Amino acid sequence: GWIRRGQRLGFKLAEIHELLDLYQVDRTGVQQLRELLRRSRSHVADLEAKRRDLDAQIAEFKEVESQVEAELKHRGADPESD
């Protein structure tokens, strides 16, 4: 279960292995949980940065679309026809 969930969340197999190995070092699981929290926060930060980049690209493409549609209309062409 841990392995599949880790993969779904984007952890590499090596990372999952390291997290599972931590339980062998500390049977309380505290060290494992702290490392999982640290890595999870790192993954969230990376994903949020990617989302910001994607949002910026989408906005730029929408601006291009708007400009091209306006230019086509200005030239008397229907933007929706092929």
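Predicted model: local features only at pLDDT ≥ 70, side-chain atom pairs only at ≥ 80, totals over all residues.
Gln-32, Glu-35 and Arg-39 are the residues of H3 in question, each of them buried. A general point about helices bears on this list. An α-helix has 3.6 residues a turn, so residues three or four places apart point the same way.

Arg-39 can be taken as an example from this set. It is found in helix H3 and is buried, with a relative accessible area of 11%; the cut-off for buried is under 20%. Leaving aside residues up to four places away in sequence, Arg-39 touches Phe-11, Glu-15, Glu-18 and Leu-19.

Glu-60 also lies in helix H3. Its relative accessible area is 57%, and because exposed means over 50%, Glu-60 counts as exposed. Between Glu-60 and Ile-3 there are 38 Å in space, C-alpha to C-alpha, and the two are 57 residues apart in sequence.

| Residue | Relative accessible area | State |
|---|---|---|
| Arg-39 | 11% | buried |
| Glu-60 | 57% | exposed |

Helix H3 itself covers residues 30–74, which makes 45 residues. From its first C-alpha to its last it reaches 65 Å, close to the 66 Å expected at 1.5 Å a residue. After H3 comes Gly-76, which has a positive phi, near 80 degrees.

As for the whole chain, it has 3 helices and 0 strands, in the order α-α-α from the N terminus on. The radius of gyration is 23 Å, whereas the globule rule gives 12 Å for 82 residues, so the chain is more spread out than a compact globule. The C-alpha trace spans about 75 × 20 × 15 Å along its principal axes.

Burial and contacts can also be given for the chain as a whole. Of its 82 residues, 13% count as buried. Among contacts between residues at least 6 apart in sequence, 30% join residues at least 24 apart. The accessible surface comes to about 7200 Å², and 53% of that belongs to carbon and sulfur atoms.

The charged side chains number 15 positive and 17 negative, and the centres of these two sets lie 12 Å apart.

Definitions and conventions
Residues numbered from 1 in each chain as written. Heavy atoms only, no water. Helix = DSSP H or I, 4+ residues; strand = E, 2+ residues; numbered from the N terminus. Rg over C-alpha atoms; globule rule 2.2 N^0.38 Å. Buried < 20%, exposed > 50% of the residue type's maximum accessible area, 1.4 Å probe, protein only. Contact = heavy atoms within 4.5 Å. Areas by Shrake-Rupley, 256 points an atom, 1.4 Å probe, with all protein chains shown as cover. Lys, Arg positive; Asp, Glu negative; His and termini not counted. Charge placed at Lys NZ, Arg CZ, Asp CG, Glu CD. Expected span 1.5 Å × (residues − 1).
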